[in-house]
Amino acid sequence: MYKKVIVVLSVLSILGCKNESQPKVTSEEVNEDKIETPKRKLAKFEPKEGEVLLFVGQELEAVGGLEKYNDGYLDHFDTPAGWTTYTNINPGENSFGRIQEGLDGLWETHDWGDHDYNATLQLNDPDYANMALAIGLQFVNHEEKVADGTHDKYISKLGDFLLSLGKRPVFLRIAYEFDGDPWNHYDQESTIKAYKRMVDMLRAQGVTNTAYVWQSTGFMSPEDGQLEAWYPGDDYVDWLGFSFFNRWEDQKMIEFARKKGKPVFIAEASPTISDVDAKTTGNTIETQLSNPQQAEEAWQKWFIPFFKTIDENPDVVKAVHYINCHWDSHRMWFDNPTFKKIDARLQLSDSISKRWKTITSDPKYIKSSPGLYDKLWNDVQ
């Protein structure tokens, strides 16, 4: 034991002398030498950290700014950075009395149960100049035909449409809410193949003005593994997206996006508040923004969390889409448990309109401007 103590003391003495002979490193020097983790490369049309593209949608009545449709968002608020429209590749499907032709609503006015859509009418109107376009594209029941090439003519025609837009930035949400069972009931394997085929074809056609958005419901795939199983791969996805409705607390997409190094588009958002049985029925409580009491409850229980989600995630949440919709007046939503009692038109509530304008007047919220396209294209690496 005695010899062991001597040996230990000797070693400590030597180490102590060695340490004394080394120059001391100050905390300032440590900080100076600290290597910062490099920031990820910005995705296509992604603004810098802390900035958010503001979109509004979704049908002509909700967006407004047109001769016939003149009581929408554009008629009451500053013009946002972009607007959202919808179309499909499901020819022959019956949607609330309309037999779809494929790519409906891009060139002519069509109503498939959610009021009128006509992207070309908007594109040709000066009020829509200097605005980006987001397109929700669905092909429910047709994912196999998109995947195996049967519907290639629709992809090519969509490519022609995108090419006709020149430098206008487009965000294409392919098979949006892919995990939205039962209303979407996409087959996973075919949907992934369809997504990849579409991106490959559009790129081969020379489409460069389009960012590809992969959008979950936000609550139907609560685990990373479930999201990963649907993921088409980094090379095919520019942005990740999710819907911000009544079950926004269940979303996992923001953290998933951080792991993937991708920005997030809150691609659908409208004030909906869960009823007590929402997880089993989907029911939400009545929310009419024209009703002051209901509007205030919506502000406290939905709008505040919505803006908080944006503010607390400036590194990834880079675009949001507010749906300024009179949901309960459209046939598509009459029996829908989430939207059948919802009127989300901001202009109906003075108190919400005032607060919305105050918050979105912050320079972090990017709106329409003559330099918008250059700004977004300059950020493309």
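Where in the chain is Asp 362 found?

1. Asp 362 sits in a loop. That loop runs between α12 (350-360) and β15 (365-366). Keep in mind that this is a predicted model.

2. Asp 362 and Glu 51 are 311 residues apart in sequence. In space, their C-alpha atoms are 9.8 Å apart.

3. Now the whole chain. It holds 13 helices and 15 strands. It has 381 residues, and 54% of them count as buried. The accessible surface comes to about 17,700 Å². Carbon and sulfur atoms account for 50% of that surface.

4. Consider contacts between residues at least 6 apart in sequence. Of these, 76% join residues at least 24 apart.

5. Next, a helix pair. Helix α6 (residues 152-163) packs with helix α7 (residues 188-204) at an angle of about 50°. Their axes are 10 Å apart. The angle makes α6 oblique to α7. The crossing of the two is right-handed.

6. Which residues of α6 and α7 make the contact? From α6 come Asp 152, Ile 155, Ser 156, Leu 158, Gly 159 and Leu 162. From α7 come Arg 197, Met 198, Met 201 and Leu 202. By type, the residues of this contact are six nonpolar, two polar and two charged.

Technical notes
Residues numbered from 1 in each chain as written. Predicted model: local features only at pLDDT ≥ 70, side-chain atom pairs only at ≥ 80, totals over all residues. Heavy atoms only, no water. Axes fitted to C-alpha atoms, helices over the stretch in contact; angles between N-to-C directions. Helix = DSSP H or I, 4+ residues; strand = E, 2+ residues; numbered from the N terminus. Parallel < 35°, antiparallel > 145°, perpendicular 65-115°, else oblique. Left-handed = near helix turned anticlockwise from the far one by under 90°. Contact = heavy atoms within 4.5 Å. Nonpolar A, V, L, I, M, F, W, Y, C, P; charged D, E, K, R; others polar. Buried < 20%, exposed > 50% of the residue type's maximum accessible area, 1.4 Å probe, protein only. Areas by Shrake-Rupley, 256 points an atom, 1.4 Å probe, with all protein chains shown as cover.
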